[in-house]
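Please keep the model open while reading.

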Amino acid sequence: MGAAENRRREGGGATTAVSLVSTEGAVDLGATQVITWTYGGELPGKEIRVQRGDVLKVDLSNRLKVPTTIHWHGIALRNDMDGVPNLTQSEIPAGGRFTYEFTVPDAGTYWFHPHVGTQLDTGLYAPLIVEDPEDGGDYDTELVVVLDDWLDGLGRSPADVLADLRTNGMTMEHTGMPGMSMPQSDLLGGDVGDVVYPHMLANGRTANAPHTFATKPGQRVRLRLINAGSDTAFRVGVPDVRMTVTHTDGFPVVPVEAETVLLGMGERIDATITVPSSTTALLAVAEGRGAYAQVIIQSGRPVDPTTSDAAATQLTTLPALTVRDIEAAESVRLPDKAPDITHTLTLEGPGDKYDWTINGRTYDPNDGLPIQPGQRVRLRLENSSEMFHPMHLHGHTFQVVDKGRPGARKDTVIVLPDQTLEVDFDADNPGQWLTHCHNVYHGETGMMTVMSYEA
Ligand code: C2O
Ligand code: CU
């Protein structure tokens, strides 16, 4: 099973066994019912919770009519359990089964989803929470919030959307008319996305029929925010309540106060809040799209959920905390070291056929970026397009290079249009690892590459 996995097993953690089913069925979003794909008929899928150092054993039974896999987003796991078809495993056929079994080395907020086609844009997603017995966080209770942009089961499937984008390009997708421009966001430095979504969801619910979290005034709540969207960045906040951000992508940061936080697709943020004395809402505004999702934080009398409309508009005028405002906690900083190798990834698109590329090429599993075990690797992410790209690395947690201070440890980071952002990681987990844009329509049309190294 490999030396890196053997080292992870030395802690002698317990084994947590979970059975999962990927299945088609009806889901109630609040505003509407849809037929979609989920894990176990629930949206989001039921959370998996383990302790750091444990072995997670998940038996997946695929009851879909199509093949699938599971990717354990953000986990530095053994490569053969990473869920990338034709790279780390073969697809699990319709009616087939597969057992994922791996050690979970780091605490934090993670999630899982398929890595086949546009399946990420269905209901196939769920949280994976890894607790650390020594985390000692300053909170009474937790609220996990999974955000999503939703279109499946309402006439056009994610596969239809991709086919449309390929045929007609982005402008048609947005306006139905050639030559009209797409919505823009200052915070995202350009286009907000490529796809029109009828609904925004928090914990599987539309804003008019939200999930309610029952709590008490004065409670300290650890929010675990997960953006499971495919094409939407969310700006999240609780009106008049300060958040103390404590972790990004699972890893601790120097605690920092924020009024709102920005999450690109695939990113997670943990933040602590103190519950106010009257009922309020955690609002997740789809950045630049004039829509939002919410979770009601009920500490007093119930409220009519539509009263959040004004607060959601107000939220977009507040400052948003981004990766540039975050420093890694001392305990998780990478040791100072000059990079042994630097790879530049120029991010471009969309071409005529809606191709998104890295260094001018679409994804080819046989053609990646060479690295060697033990190297400190620097990725220079150079965005030459007009849209932001949340760039994700499998199997490692990089550190954002920020002049003069230790940037956040992350596995997914937004690269803005015309921005160049550098991240460093240590090649300490041999295998074949994807790095790609977590916009599923960008990744699927080519914005992915692979880094391989053997022990
Ligand atoms: Cu969450 Cu390769 O993805
Ligand atoms: Cu992208």
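1. Strand β28 (residues 398-402) is joined to β31 by 2 bridges, and the two run antiparallel. Within this pairing, Q399 stands opposite D424 in β31. Strands here, like helices, are DSSP runs numbered from the N terminus, with at least two residues (E) for a strand and at least four (H or I) for a helix. Two strands pair if DSSP finds at least two bridges between them.

2. A word on the basis of this note. The model is predicted, so local features need pLDDT of at least 70 and side-chain atom pairs count only at pLDDT 80 or more, while totals for chains, interfaces and linings use all residues. Residues are numbered from 1 along each chain as its sequence is written, chains are lettered from A and ligands numbered from 1 in the order in which they are written, and side-chain values use heavy atoms, with hydrogens and water left out.

3. Which sheet do β28 and β31 belong to? They are part of an open sheet of 6 strands in the order β24-β23-β26-β31-β28-β29, with mixed pairing. Its edge strands, each pairing on one side only, are β24 (357-358) and β29 (405-410).

4. On its other listed pairing, β31 meets β26 in the antiparallel sense over 7 bridges. E382 stands opposite T420 in β31. Strand β31 (residues 420-426) is mostly covered, with 5 of its 7 residues buried; buried means under 20% relative accessible area, exposed means over 50%, and partly exposed lies in between (1.4 Å probe, protein chains only).

5. Strand β26 (residues 376-383) is also joined to strand β23 (residues 341-348), by 7 bridges, and these two run parallel. T342 stands opposite R378 in β26.

6. S384 is found in the loop between β26 and β27 (389-393). Is S384 buried or partly exposed? Its relative accessible area is 40%, so S384 counts as partly exposed. Leaving out residues up to four places away in sequence, S384 touches T346, L347 and E348, where contact means heavy atoms within 4.5 Å. The C-alpha atoms of S384 and D121 are separated by 25 Å, and the two residues are 263 apart along the chain.

7. The largest nonpolar core has 117 residues, of which L56, W72, L128 and V261 touch the most other members. Strand β9 (residues 141-150) gives the largest share of this core, 6 residues. A second, separate core of 8 residues includes A281, L283, V285 and Y292. A nonpolar core is a set of buried Ala, Val, Leu, Ile, Met, Phe, Trp, Tyr and Cys residues joined through side-chain atoms within 4.5 Å.

8. Leaving aside neighbours within four places in sequence, the contacts of W72 include L56, L128, Y100, F102 and W111, and also D82.

9. There are 34 salt bridges, a salt bridge being a side-chain nitrogen of Lys or Arg within 4 Å of a carboxyl oxygen of Asp or Glu. One of them joins the side chains of R52 and D132 (3.4 Å, N to O). R52 is in the loop between β3 (48-51) and β4 (55-62) and D132 in the loop between β8 (126-131) and β9, so this pair ties together parts that are 80 residues apart in sequence. R52 is partly exposed, at 34% relative accessible area.

10. A further salt bridge links R224 and E142 (2.8 Å, N to O). R224 lies in strand β14 (residues 220-227) and E142 in strand β9, so the parts tied together are 82 residues apart in sequence. Both residues, R224 and E142, are buried. Salt bridges that share partners join E47, R49, E131, E142, R222, R224 and D270 into one network.
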